[in-house]
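Here is a set of questions and answers for someone meeting this model for the first time. Please look over the sequence and the structure before reading on.

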Amino acid sequence: MGFKHFGKWDAEGVVVQDPGLQKYIRLQPTGILHSGGRHAKKQFGKAEMTITERLINKLMRSGPGARKLGGRVIRGASACGKKNKAHNIVRRSFEIIEQKTKKNPIQVLVDAIQNSAPREETTRISYGGITYHHAVDSAPQRRLDIALKNIAGGAFLASFSSKKPIWECLAEETIMASNNDMKSFAVARKEETERIAKGAR
């Protein structure tokens, strides 16, 4: 019997179609969804963490009391440093995703990541006192990090502008991103990043 995420969902049959992300999206954990930071000492050790735990960890990040998303500052992110709370948010969102889509929520999350991971972005180059932007390809690990950050950020942004709980907003953001819907914050940010990079080639 294989590992089941949150004791409910099996990752068997989940397909990662993006060849650049296949190596970095880990579906089967070695144990529970709480690695306790044991991979932190190894470079790129987070690639050994399951995609579900990495989403949980992204929900806990907020900075010193404020989070800046799309030019707007959101204060008091709800799960900063609270792993159990973030764990429950993701579990509840998976239940909603399964109810609405009739699909495995892990597959929906993987599809959302693939659709919201930018393939190129810009970097700043200074030459002779002049600074300009130059388009560069995004590394697969960075693509995954950006996608997860924007999915979590889009959920927080939606929850602060409505009365919906954060798990409903996370479920909606994930479903929209999996459908490549431009209403998704993560997909919109990906398109914006790639558009800027195209102009800086």
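Q: In which loop does asparagine 180 lie?
A: The model shown here is a predicted one, and in it the phi of asparagine 180 is near 60°, a positive value in a residue other than glycine. With a relative accessibility of 40%, asparagine 180 counts as partly exposed. As for its place in the chain, asparagine 180 lies in the loop between α5 and α6.

Q: Is lysine 102 buried or exposed?
A: Lysine 102 is a residue other than glycine that has a positive phi, near 60°, and its place is in the loop between α2 and α3. The cut-off for the exposed class is a relative accessible area over 50%. Because its relative accessibility is 69%, lysine 102 counts as exposed.

Q: How many of the nine residues of α1 are buried?
A: Leaving aside its neighbours within four places in sequence, isoleucine 51 is in contact with Ile25, Arg26, Leu27, Leu109, Ile113, Leu144 and Leu148. The helix α1 is thus described as mostly covered, and the number of its buried residues is eight.

Q: Is arginine 143 buried or exposed?
A: Arginine 143 is found in helix α4, which covers residues 140-160. When its neighbours within four places in sequence are left aside, arginine 143 is in contact with Asp18, Leu21, Ala117, Pro118, Arg119 and Ser138. The class of buried residues is set at under 20% relative accessible area. Because its relative accessible area is 7%, arginine 143 is buried.

Q: Which residue of β6 stands opposite serine 126?
A: Strand β6 consists of residues 130-137, and β5 and β6 pair in the antiparallel sense over eight bridges. These two strands form a hairpin with two residues between them, and glycine 128 in the turn has a positive phi of about 60°. Within this pairing, the β6 residue that stands opposite serine 126 is threonine 131.

Q: What accessible area do Tyr127, Ile130 and Tyr132 have together?
A: Tyrosine 127 has its place in strand β5, which covers residues 120-127. Because its relative accessibility is 65%, tyrosine 127 counts as exposed. Together with Ile130 and Tyr132, Tyr127 forms a nonpolar patch on the surface, and the accessible area of the three is about 380 Å².

Q: Which residues are linked with Arg91 in a network of salt bridges?
A: A search of the whole structure finds 10 salt bridges, and in one of them the side chains of glutamate 95 and arginine 91 meet at 3.3 Å, N to O. Both residues lie in helix α2, four residues apart, about one turn of the helix. Glutamate 95 counts as partly exposed at 26% relative accessibility, and arginine 91 counts as partly exposed at 24%. The residues linked with Arg91 in the network are Lys8 and Glu95.

Q: How many residues apart in sequence are the parts that arginine 142 and glutamate 121 tie together?
A: The side chains of arginine 142 and glutamate 121 meet in a salt bridge of 2.6 Å, N to O. Arginine 142 counts as partly exposed at 45% relative accessibility, whereas glutamate 121 is buried, with a relative accessible area of 11%. Arginine 142 lies in helix α4 and glutamate 121 in strand β5, so the parts that this pair ties together are apart in sequence by 21 residues.

Q: How far apart are the closest N and O atoms of glutamate 172 and lysine 164?
A: Glutamate 172 counts as partly exposed at 23% relative accessibility, and lysine 164 counts as partly exposed at 37%. The two residues form a salt bridge, and the distance between their closest N and O atoms is 2.8 Å.

Note on methods: Residues numbered from 1 in each chain as written. Predicted model: local features only at pLDDT ≥ 70, side-chain atom pairs only at ≥ 80, totals over all residues. Heavy atoms only, no water. Patch = residues over 30% accessible without salt bridge, like charges linked within 9 Å, V, L, I, M, F, W, Y side chains within 5 Å. Areas by Shrake-Rupley, 256 points an atom, 1.4 Å probe, with all protein chains shown as cover. Salt bridge = Lys/Arg side-chain N within 4 Å of Asp/Glu carboxyl O. Buried < 20%, exposed > 50% of the residue type's maximum accessible area, 1.4 Å probe, protein only. Contact = heavy atoms within 4.5 Å. Pairing = 2+ DSSP bridges.
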